[in-house]
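I opened my notebook and went through this model piece by piece. My entries follow.

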Amino acid sequence: MPPAPHQPHQQPYDGPEGQELPAGHEPFVRLALPDDDEALGRLDRATWSTLHSVSPRPRPPYTPFFHENSGPGDHLVAVAGDGLVVGYVRLARPTPLASNAHVRQIQGLAVSDEARGMGVGRLLIRGAVAEARRRGALRLTLRVLGHNTPARRLYESEGFVVEGIQPREFLLDGEFVDDVLMGRSL
């Protein structure tokens, strides 16, 4: 039997303190910084696909990644040992209502092609779970396109369950695609 592929150490995300690691270490997760804007914009454009995006492909001139409704404090980034940003997850409140302030929602997750298969997506999800708890959330939800089987399997392996399906919610590349609602308790 061949050896298992190398997986990065799955340390839980500890929050803002103690997140800097010297070069040469495995990927880690930290809160995004304003200076990450350009790298995250490039990553977002490089990973764009109808497998996970319902918006049109970005075209120049590109808008900043961070904006009024989505700033650095809403994002965790995965950083390789060489300092390169290799992924991100956006964690936000699904609504501004006080009645669901106990819920956080994953509103975007991307991993660079070079870092796929290295456990970076799992590291980001675990970071989002820990950060949502740190912010006082009791539930974490997300939406994933029905045809994105790899993402759905990853979310399920991290404790998310399907809580609803909106059939044929999007028309992408001439095909109707379901919107799958998933969630988990924290």
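**Entry: E158**

I looked up E158 and found that E158 is buried, with a relative accessible area of 10%. Buried means under 20% relative accessible area, exposed means over 50%, and partly exposed lies in between, with a 1.4 Å probe and protein chains only. E158 sits in the loop between helix 3 and strand 6. Helices (H or I, at least four residues) and strands (E, at least two) are DSSP runs, numbered from the N terminus.

Which residues does E158 touch, leaving out those up to four places away in sequence? I noted R122, I125, R126 and R184. Contact here means heavy atoms within 4.5 Å. With R126 there is also a polar contact, side chain to side chain, at 3.0 Å. A polar contact is a pair of N or O atoms within 3.5 Å; within protein, one must be able to donate a hydrogen and the other to accept it, and residues adjacent in sequence count only if both atoms are side-chain atoms.

**Entry: ground rules**

I wrote down that this is a predicted model, where local features need pLDDT of at least 70 and side-chain atom pairs count only at pLDDT 80 or more, while totals for chains, interfaces and linings use all residues. Residues are numbered from 1 along each chain as its sequence is written, and side-chain values use heavy atoms, with hydrogens and water left out.

I traced an open sheet of seven strands in the order 1-2-3-4-5-7-6, with mixed pairing. Two strands pair if DSSP finds at least two bridges between them. Strand 1 (28-31) and strand 6 (161-172) are the edges, each pairing on one side only. On average, neighbouring strands are turned by 25° against each other, direction ignored. Axes are lines fitted to C-alpha atoms, for helices over the stretch in contact, and angles run from 0 to 180 degrees between N-to-C directions.

I then checked some pairings. Strand 1 and strand 2 (residues 75-79) are antiparallel over four bridges, and V29 stands opposite A78 in strand 2. Strand 5 and strand 7 are antiparallel over seven bridges; R143 has L181 in strand 7 as its bridge partner. Strand 6 and strand 7 run antiparallel, joined by eight bridges. They form a hairpin with two residues between them, and D173 in the turn has a positive phi of about 50°.

**Entry: helix 3**

I followed helix 3 (residues 149-157) across strand 4, strand 5 (139-145), strand 6 and strand 7 (175-185). Helix 3 runs at about 165° to strand 5.

**Entry: rings**

How many aromatic pairs does the structure hold? I found three. Rings of Phe, Tyr and Trp (its six-membered ring) pair if their centres lie within 6.5 Å; planes under 30 degrees apart count as stacked, over 60 as edge-to-face and the rest as tilted. Why is the pair of F65 and F66 edge-to-face? Their planes stand at 75°, so the pair gets that label; the centres are 5.4 Å apart. Both F65 and F66 are buried. Ring pairs link F65, F66 and Y88 into a cluster.

Y155 and F160 also pair edge-to-face, at 5.8 Å centre to centre and 65° between the planes. Y155 and F160 are both buried.

**Entry: charges over rings**

I noted the charged end of R45 over the ring of Y62, 3.9 Å from its centre. The charged end of R168 sits over the ring of F176, 3.9 Å from its centre. A charge sits over a ring if NZ of Lys or CZ of Arg is within 6 Å of the ring centre and within 35 degrees of the ring normal.
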